[in-house]
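Keep the model open while reading.

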Amino acid sequence: MEKINAVIIGAGVQGMVHVQAAVESPYVDKVYICDPDEKRFNEAKEKFGNVMPISYENALKDPAIRFASISSPNQFHIQQASDFMRQGKAVLLEKPMGATLEEAKKMIQVEKETGAFLQLGFELHYSTLYTKAKEWIKEGKIGNPVNIQCRYFCTEFHLKNSWRSNSTGSFLIGEKLSHYLDLQRYFFDDEFESIYSLSSKKVVPYFNHRDNHQMLIRFPGDRVGVLNFIMYIAETYHADPLRELHEKQSDDGHCLTFHICGDKGALETDLFRCRLRRWEFSDGPQRLESEIVETYKYPAEESLEHCHNTLGQNLRAIERAVKGEKPEVTANDAYQTMKLCFAAELSEDTGEIIRSDDPRLM
């Protein structure tokens, strides 16, 4: 079996998952970490053992390093991804694709010019809760999807004076909510026509970015998607060894659900209740009848695999890059989600309904 060397750029919380994937991959020989914080490298070394430090310049120049996982702060994404692609290396990049839509376009251009492997970190495409929902949709279990409602309420967990809380503009949309806008495209299997997004006055005073978003998205064929997000309502979590995390968060204000409504039934994904449910519609003598006919549940300890399968995504990306195969989530597909994210920001900034063909998005 052919093996390559890999480098992880940025060994923060998410970066540690990238390190784990590289260490566990049967297609990787040596694993390097590039991070200016020596403490992070030492933590990775203690946890995974067989990792080595490397400078950014040496990682770029080393021909044996053929795969780069980039998990650095957002403002570095465009430069770092472009640098590694131009050196002929495969790149797995955390979101967002760029700080602006222009940066995202430039990244696509570099990918086309170099022919490099470039995959964005939309790990929900690998997460069982959502892939199973997609499978049920493709099997026709709810008929034709016409309406998707996503409700996401959480607690503030970025902390004061972190790079995330200090980020400006549409940080939350591109970094966090891009997952759930992307899932609407994934479930509808289509591009958006227009979006209208609102944000009320901030509640979290030290955020430089908005802390809530209410989005209404139109898709072709009179189909509608909704995303309602608030980042402060849920009870602040403090670890309790006597209480399981999801059991607590399922009833303390946390909520992350999709309701995918079709003309023959509906689906519900519920992250905190660890389940997927299906309703079936029938023509009763007096009204439309709805009945829950199928429920899929999973244990809380399998939540990462079901809801945020970054490890599974990274393992697959490494395998496909080594085998010379194309990314499963293409860069252009990721760009279409980024375009929707920036359209949402533009709508909030201007108070306008933004169409996908708006010149400001071209």
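## V110 and its contacts

Not counting residues up to four places away in sequence, V110 touches S82, M85 and R86. This is a predicted model. V110 lies in helix 5. Its relative accessibility is 4%, so V110 counts as buried, the cut-off being under 20%.

V110 and M85 are 25 residues apart along the chain, and their C-alpha atoms are separated by 7.3 Å.

## E111 in helix 5

E111 is also found in helix 5, which covers residues 101–114. Leaving aside neighbours within four places in sequence, E111 is in contact with M85, A116, L118 and A331.

A longer step along the chain gives another distance. K176 is 65 residues from E111 in sequence, and the two C-alpha atoms are separated by 24 Å.

## Helix 5 against helix 11

Two packed helices are described by the angle between their axes and the distance between the axes. For helix 5 and helix 11 (residues 331–350), the angle is about 170 degrees and the axes are 10 Å apart. Angles over 145 degrees count as roughly antiparallel, so helix 5 and helix 11 are roughly antiparallel to each other.

Which residues make the contact between helix 5 and helix 11? Helix 5 supplies L101, A104, K105, I108 and E111. Helix 11 supplies A331, N332, Y335, M338, K339 and F342. By class, the residues of this contact divide into seven nonpolar, one polar and three charged.

An α-helix has 3.6 residues a turn, so residues three or four places apart point the same way.

## Helix 1 against helix 2

The axes of helix 1 and helix 2 (residues 38–48) come within 11 Å. They cross at roughly 40 degrees. Helix 1 and helix 2 are therefore oblique to each other. The crossing is right-handed.

On the helix 1 side, M16, V19, Q20 and V23 take part. They meet R40, E43, A44 and F48 in helix 2. This contact has five nonpolar, one polar and two charged residues.

## Helix 1: span and cover

How far apart are the end C-alpha atoms of helix 1? They are 17 Å apart. The 12 residues of helix 1 should span 16 Å at 1.5 Å a residue, so the two values agree.

Buried residues in helix 1 are G15, M16, H18, V19, A21 and A22. M16 and V19 also belong to the contact with helix 2. The cover over the buried residues of helix 1 includes strand 1, strand 2, helix 2, strand 4, strand 5 and helix 10.

## Helix 10: span and cover

Helix 10 runs over residues 310–322 and has 13 residues. From its first C-alpha to its last, helix 10 reaches 18 Å, close to the 18 Å expected at 1.5 Å a residue.

Is helix 10 mostly covered or mostly uncovered? Helix 10 is mostly covered, with 10 of its 13 residues buried. These are T310, G312, Q313, N314, A317, I318, E319, R320, A321 and V322.

The strands are strand 1 (4–9), strand 2 (28–34), strand 4 (65–70), strand 5 (90–93) and strand 6 (118–120). The helix is helix 1 (13–24). After helix 10 comes G324, whose phi is positive, near 75 degrees.

How values were computed
Residues numbered from 1 in each chain as written. Predicted model: local features only at pLDDT ≥ 70, side-chain atom pairs only at ≥ 80, totals over all residues. Heavy atoms only, no water. Helix = DSSP H or I, 4+ residues; strand = E, 2+ residues; numbered from the N terminus. Expected span 1.5 Å × (residues − 1). Buried < 20%, exposed > 50% of the residue type's maximum accessible area, 1.4 Å probe, protein only. Contact = heavy atoms within 4.5 Å. Axes fitted to C-alpha atoms, helices over the stretch in contact; angles between N-to-C directions. Parallel < 35°, antiparallel > 145°, perpendicular 65-115°, else oblique. Left-handed = near helix turned anticlockwise from the far one by under 90°. Nonpolar A, V, L, I, M, F, W, Y, C, P; charged D, E, K, R; others polar.
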